[in-house]
Amino acid sequence: MLKYIIKRVLKAIPMLLAVSIVIYALLQAMPGDPIDMYLENPSATPEAIEAIKKAYGLDQPVHIQYLNWLKGIVTGDWGRSFMSRRPVLELIGEKLAPTLQLSGTAFLIALVIAIPLGISGAIRKGKFFDNATSTMTFLGISMPAFWFGMMLQLLFAVQLQWLPTAGRTSLTGGDVGSFTDVLRHLIMPSIVLSLIYIASWARYARSNFIEVLNQDYIRTARAKGLREKTVYTVHALRNALIPLVTVVMLDIPAIFSGAVVTETVFAWPGMGSFFNDALNKQDFPVLMGILMINAVLVIVSNLIADILYAILDPRIKY
């Protein structure tokens, strides 16, 4: 297993290099120029604009700019933001903790709810519980995140006043920034972000479990007189989880980077809203940093999925 992991990591290096070239080329092909924000200043002289271009290395050919960026990535210098002129690594570090809080909580909520919900529906196939949960999952998949978020705000923040409307911490009060304060702000956005994954994973878990229950070895286990609980937990569950692992692991980067709408609705200071601002202002160093983190997440998620395959099914060898 260790040799397999090392080989996968080594193979990931040229893959990340190719991804970085594609991303850099696509960003360079975007309409407009990152220097346009400085041109809006009436006091900006042509000499000052040229000095800014030289400072950021924008006066050099594109391939030289890319090589300089690649050298900086390897040495830990991810460049400076065009907007704030601060180091990109420092800016991402500030936004990473809120995003990990939100995406990690949403992931756990979805995982804890979706799998039992899907399995329970499969066991009670065609009954009221199965029909009710199927209807709920279809609603969860089709419901717009921004609308659901605003409905939660209207109910729990405006009418009931149980939870804060937006933000990550309160502005005033004795518990500003405390664990309880952050938790109260985290409840609604994490529920909104997890909704679509609860719905899709529950549907997938249900279909996988139904397929497994129709296999010959399940009928054999029942013919031996095993209890239904033993059949479900020992023989069916592990086999049903194997294909679900792929879906769940590949959704981790989507949860991490797909919180733009949720973070905007709840004014959550994370990577999603940060990426959206950088995209609108063509802040290339920030965009490259965030997109490369997402690329690493995709590769790591695939590696974790392969490792989990071997844990769930001992027949799988690497």
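Modeller: Let us begin with the second largest pocket, whose lining residues divide into ten nonpolar, one polar and no charged. The model is a predicted one, in which local features need pLDDT of at least 70 and side-chain atom pairs count only at pLDDT 80 or more, while totals for chains, interfaces and linings use all residues. Residues are numbered from 1 along each chain as its sequence is written, and side-chain values use heavy atoms, with hydrogens and water left out.

Colleague: Which residues line the second largest pocket?

Modeller: A pocket is found on a 1 Å grid over the protein atoms alone, as an open set of points with protein on both sides within 12 Å along at least five of seven lines; a lining residue has an atom within 4 Å of a point. Here the lining consists of Ile13, Leu16, Leu17, Ser20, Trp69, Leu70, Ile73, Trp78, Met292, Ile293 and Val296. The pocket volume is about 250 Å³, taken as the space filled by probe spheres set on grid points that are joined across faces, edges and corners.

Colleague: What volume does the largest pocket have, and which elements give two or more residues to its lining?

Modeller: The largest pocket holds about 510 Å³ of space. It is lined by 20 residues, of which Tyr56, Asn68, Trp69, Gly79 and Arg80 are the closest to its centre. The elements that give two or more residues to this lining are H1, H3 (46-56), H4 (62-75) and H13, with H4 providing the largest share, four residues. By class, the lining has ten nonpolar, seven polar and three charged residues.

Colleague: How many helices and strands does the chain have?

Modeller: Helices (H or I, at least four residues) and strands (E, at least two) are DSSP runs numbered from the N terminus. The chain has 13 helices and zero strands, and its C-alpha atoms fill a box of roughly 85 × 55 × 35 Å along the principal axes.

Colleague: At what angle do the axes of H1 and H13 cross?

Modeller: Axes are lines fitted to C-alpha atoms, for helices over the stretch in contact, and angles between N-to-C directions run from 0 to 180 degrees. The axes of H1 (residues 2-28) and H13 (residues 284-312) come within 10 Å and cross at roughly 150°. H1 is therefore roughly antiparallel to H13, the term for angles over 145 degrees. The contact of H1 with H13 has 20 nonpolar, three polar and two charged residues. H7 (residues 145-159) and H8 also have axes that come within 10 Å and cross at roughly 150°, which makes H7 roughly antiparallel to H8.

Colleague: Are Lys224 and Gln282 buried or exposed?

Modeller: Buried means under 20% relative accessible area, exposed over 50%, and partly exposed in between, with a 1.4 Å probe and protein chains only. Lys224, in the loop between H9 (216-223) and H10 (228-257), counts as exposed because its relative accessibility is 66%. Gln282, in the loop between H12 (271-280) and H13, counts as buried at 10%. Gln282 also has a positive phi of about 55° although it is not a glycine. Another non-glycine residue with a positive phi, near 65°, is Arg85, in the loop between H4 and H5. Of the 318 residues in the chain, 37% are buried.

Terms used: Angles under 35 degrees count as roughly parallel, over 145 as roughly antiparallel, 65 to 115 as roughly perpendicular and the rest as oblique. Ala, Val, Leu, Ile, Met, Phe, Trp, Tyr, Cys and Pro count as nonpolar, Asp, Glu, Lys and Arg as charged, and the others, Gly among them, as polar. On a 1 Å grid over the protein atoms alone, a cavity is a set of points where a 1.4 Å probe fits but cannot get out, and a pocket is an open set with protein on both sides within 12 Å along at least five of seven lines; lining residues have an atom within 4 Å of a point.
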